[in-house]
Amino acid sequence: MVLVLQQIKVEGIAQLSYLVGDDKAGVAAVIDPRRDVDVYLQMARSLGVRITHIIESHIHADFVSGSHELQARIGAPIYVGKSNDYQFDCRQLNEGDELHLGKVTLRVLHTPGHTPEHISLLVFDSQQGEEPFGIFTGDTVFNKDVGRPDLLGRGTERNLAAKLYHSLFDKILSLGDRLELYPCHGAGSSCGKSIGDRDRSTIGNERVFSDAFKQRSEAEFIEWILSDLPEPPTHYPRLKKVNAKGAKVMGCIPTLQPLSVDQFREKMAREDVVVIDTRSILAFGGGHIPGAINIALRPAFPTWVGWTIEPEREILLVIESKRDLNLITEQLFRLGYDNLAGYLHNGMLDWYNAGLPLQRVGEMTVQELDRHKDDADLTILDVRSDGEYENGAISRAKHIYVPHLAEHLDELDKERAIAVYCGTGYRASLAASILQKHGFERVNNVPGSWKAWKSAELPVEQTA
């Protein structure tokens, strides 16, 4: 055996990184590492290889790169595409440059579009002929999707979309259908419009099944790729700056300390502290610490933390079970939330036993909401995205996308009851907690939300 090729997946942000190398020569590279890097070191050790190269396909926007953590542990150089935006010591690669890992070779292909400096890496194994057998595409191509060209903003969208067109049709497609394709993201990432379920593919598969590879002129492609794009998450520009500068090296994931009720209350009294309640929507609605924000521990957890929690704030956590603790701290670490103040020991049980105040979120079924939707004393609040809202909504609903709710609270009447809905209730619970934190008292979540409304065949108002 010679070739080593391992894919490492991070749930939540759906990030894919790779360990690739030659176990006979005992060398390997890590491509697009996540921030908690022990997984690569353990894998390398078990495979009997030494990590000699760290490679970034581009400046990432959705997670903190682990390149510097890994370099601090093993001393390997960091390789990147050509760009003046990198502010750390790195080795910049040009089109055609090669990195040799025993009998395995990585050849650089400049594939701008998602970002200007983006590179893909053709992978050769001398035991499998002289042609490449695969390509690491970073955020240029995913299964049934391609990288968004709008995340840099500042009016660069059309120029990058044009570059993406030529990267896809002049470079990627010309490599041939048999080439295996290893992307940096799977389904659930916001780096594409709607990424498919497969974590790897082939160029032939994408040629047949991906909308991005339909025959279009450059102008038609630009119009298509820039249409119907969801709003970029607000934390992406921040992470872009972190990764261009080089993330602070922490050494390991912080160990979160349990806090007594008194210690927890003392810390939460400070202005720069936010309490995140990671329990289920139902548990939160049944009774929670006043002022806590509900971001339940589901696959969407990192996305909504990124959207709504400022990184400068210290974070206190309420958890459902100690089993959740490692996953929560890993997710926050990968997003660059390094100010973790601790978690409430024994969860809400100690809070209940101390006889401290609780806040509840009311519930309104879709049938109840339908009966009361014309009440003058009720505000119906739709917190779904613009695209979801434009496909239909509940009559009289006021639309504010949940990431922007805190900026538009003055548009809502605190004296009226509010029924909040989203797609299934997850974002509605987050929105309800934001409303309560800002003094809204008569707040109701709608379990099942839009999905339940449609299942019950209740009337839909066309909004577009």
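Student: Is Lys9 buried, partly exposed or exposed?
Tutor: Lys9 is partly exposed, because its relative accessible area is 32%. Buried means under 20% relative accessible area, exposed means over 50%, and partly exposed is in between (1.4 Å probe, protein chains only). Keep in mind that this is a predicted model: local features need pLDDT of at least 70, side-chain atom pairs count only at pLDDT 80 or more, and totals for chains, interfaces and linings use all residues. Residues are numbered from 1 along each chain as its sequence is written, and side-chain values use heavy atoms, with hydrogens and water left out.

Student: Which residue does Lys9 form a salt bridge with?
Tutor: Asp199, with the closest N and O atoms 3.2 Å apart. A salt bridge here is a side-chain nitrogen of Lys or Arg within 4 Å of a carboxyl oxygen of Asp or Glu.

Student: And Asp199, buried or exposed?
Tutor: Asp199 has a relative accessible area of 19%, so it is buried.

Student: How many salt bridges are there in the whole structure?
Tutor: A search finds 21. One of them pairs Glu388 with Arg427, the closest N and O atoms being 2.8 Å apart.

Student: New topic: where is Gln331?
Tutor: Gln331 sits in helix α10, residues 325-334. Helices are DSSP runs (H or I, at least four residues), numbered from the N terminus.

Student: What does Gln331 touch?
Tutor: Leaving aside neighbours within four places in sequence, Gln331 is in contact (heavy atoms within 4.5 Å) with Glu11, Phe301 and Pro302. Gln331 counts as buried, because its relative accessibility is 5%.

Methods
Helix = DSSP H or I, 4+ residues; strand = E, 2+ residues; numbered from the N terminus.
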